[in-house]
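Take a moment to look over the structure below. Then follow the text from one part to the next.

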Amino acid sequence: MTREWIHPGLLLIAGAWILPFCKGRTKRAVMILLPAAALVECVVMQPGTYGVVRLLGQEVIFGRVDRLALVFSYVFALVALIGMVYSLHVNDDAQHVAALTYAGAALGAVFAGDFLSLFLFWELMALSAAILVLLRRRPAAVAAGFRYVLVHIFGGLCLLAGIVLHWSHTGSLRFGDLSPYAGSAAFTLILIAFLVNAAVPPLGAWLPDAYPEATATGAVFLTAFTTKSAVYALIRGFAGTEILVWWGAAMAVYGVVYAVLENDARRLLAYHIISQVGYMICGVGLGTELALNGATAHAFAHILYKALLFMGAGAVLQVTGLRKLSDMGGLYKMMPRTLSLYMVGAFAISAVPLFSGFVTKSMVVSAAGESHRAAIYLLLTLASSGTFLHTGLKLPYYMFFGRDRGLRAEEPPRNMLVAMGLAAVACVVIGVVPVVLYSQLPYRVDYIPFTVRHVTATLGLLGFTALGFFLLLKQLDPEPVVSLDTDWFYRRGGTAVQNFAQGALARLEGSVSRLSDVVMQRFVLGVGAQLRDIDLRGVDAMMVGIGRLTEEVSCDLTLAMSGHVQRYALIMAAGILAGVALAVFGL
Amino acid sequence: MTFKRWFHVGLVVFIHFLQNVVTAEWAPGLVVFAVGEIAGPHLFRADHAHFWFEDIPAWGSIYGLVSCLLIIIGSKLLGKLWLTRPENYYDS
């Protein structure tokens, strides 16, 4: 069934190329209208199957529209709109085209009904995201961008290999629930590819490596699409995969641990993406309706508040040029609006009641409770405390309050504040009227977030986390350090191999050559000398002996060889006689 | 115009509130949170707990403080012993 349908992703990808040909107001209008049109299109779209193309004997479905795809498409289009408002002041067409292509590719991946179109948009996403990093045009950003490409080529190859194997086994390219194939090579490869994009450690170090290097505006787009489209793909294909429960919970804590050590404001926030995606991965692993609803809802809320947080940190970066917490402080006087809007995002991610995180994160935590998994429940709650500790307390404390360093700053351009305002409104609306979001989720929602126990326990948790923060404030002073993560293997691994080659390996080679010297000198040469002796004494003597013997025999024979014909005839006659005698008597 | 004025008043109050949070003079006020958590379920009809430990009085407050201290101390130790390197580590 193919109906008239314009793909909202293709609308953004193709529409982006109008921008380089526009100027001034028209350009800004197009920048807003494109994502706005995509958003409207997603909102009015009805579930069904659209855009089916036959290619290589396979059905390629560009528009599989169901409730799960729709809810992700709403938030992707919405954050694309907010991100474009945030970048209105930027005069760099390449960035805008890359950002819109990236958003369009994410929408394409969400609506992809088969692996072929999924792979196409998956790769386009990786490419356009890398360009967004590269366009900061600093050496560090270019290096990080290329590392990003490197990791995502690995992920893309895993996906492609998985798809080909899956196709050869099943003969179908449809992208649906993969649990019947659990344990097969195709299942594992596709899972790895999705986990790379979801930034699941140890495959996720690319995220805190690349995102803080992007431009202030580009980072807002980056936070939204890659990890969350991976969460979408995991919900679609891998719901109820047990390993994801533990992996997700560990990931939630991992991000928090690294955030303690982090000094770079946007890298701290990047580690919190990993932590928050951990909740979603855990929800996917739990696989119950509540958990999958929770993972979806949390992805929705997360995209908005994380964009808001990155916009806040980006505004500070834009105005002051500073990115390290150890250089900041006292900005609240100059940037009160930025601070207030940032704090809305911080309250939302920290799950403060009446903000969006409270009504979405708790769905996943409650799903862990309903499945009677105490350890998971405790880990997720611990990570919750850590989230508030960093995003709600540490970052604003050191960035906006803390030691006043007499920095000169002002509020960022109006469009940045408007974009932050839009995201902040969304965070509060979801938090106050959760039914707005709940009614869009893939399964029916019976969950009630505002219970006495939940509200009081959350307030207690947050309040006493704040107490702990101020008790150990001295310990938390940002230090100018970097933390080792698994990106070490491809950033310093080469150098380490070289050092190893020059150090340990060179010593090993020296030892081997010394050993071979000893073997050569003592053993091989010794054996050679022995063999020479044997040759001299034995073989030569034997040869000389044989020679002499031959000489003596030939001397004796010479006596017989007189040269007289009569003697030869006599010898021949004697021989014949002897032969006849032998014949006669022998028989 | 009135809206703009209220917005400014709101902004000033909010910043003032955050400033007070930063000075940490509010710490004794946390007792309210803990007491609220203990009393809340008795005053209103409480939903049922998933685990036994959730019924410990002021469970959220206790676990919040413990989590916060654990995360800070644990991460710092991990950093000191293993994970942190000088800032120019990857450039050298």
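In this predicted model, the C-alpha centres of domain 1 and domain 2 of chain A lie 94 Å apart. Where do these domains of chain A run? The domain assignment places domain 1 at residues 239-483 and domain 2 at residues 504-586.

Now take chain A as a whole. The C-alpha atoms of chain A fill a box of roughly 140 × 65 × 60 Å along the principal axes. Chain A is built with 23 helices and three strands. Its radius of gyration is 39 Å, while the globule rule gives 25 Å for 587 residues. The value for chain A is well over that rule, so the chain is more spread out than a compact globule.

Look inside next. Of the 587 residues in chain A, 53% are buried. Contacts also reach along the sequence. Take the contacts in chain A between residues at least 6 apart in sequence: 82% of them join residues at least 24 apart.

In soluble globular proteins, nonpolar side chains tend to be buried together. Here, the largest nonpolar core has 214 residues. Which residues have the most contacts inside this core? They are A:Phe76, A:Cys282, A:Leu308, A:Leu380 and A:Ala423. Helix α12 of chain A, residues 289-320, gives the largest share of the core, with 20 residues.

Zoom in on A:Ala423. Set aside its neighbours within four places in sequence. A:Ala423 is then in contact with A:Ile82, A:Leu304, A:Ala307, A:Leu308 and A:Met311. One of these partners, A:Leu308, is also listed among the residues with the most contacts inside the core.

Now turn to the place where the two chains touch.

Strand β3 of chain A, residues 481-483, pairs with β1(B). The pairing is antiparallel and runs over three bridges. Which residue of β1(B) is the bridge partner of A:Ser483? That partner is B:Thr84.

Definitions and conventions
Residues numbered from 1 in each chain as written. Chains lettered and ligands numbered in written order. Predicted model: local features only at pLDDT ≥ 70, side-chain atom pairs only at ≥ 80, totals over all residues. Domains from an automatic or database assignment. Pairing = 2+ DSSP bridges. Helix = DSSP H or I, 4+ residues; strand = E, 2+ residues; numbered from the N terminus. Rg over C-alpha atoms; globule rule 2.2 N^0.38 Å. Buried ≥ 20, exposed ≤ 12 C-beta atoms within 10 Å, placed from the backbone. Contact = placed C-beta atoms within 7 Å. Core = buried A, V, L, I, M, F, W, Y, C linked by C-beta atoms within 7 Å.
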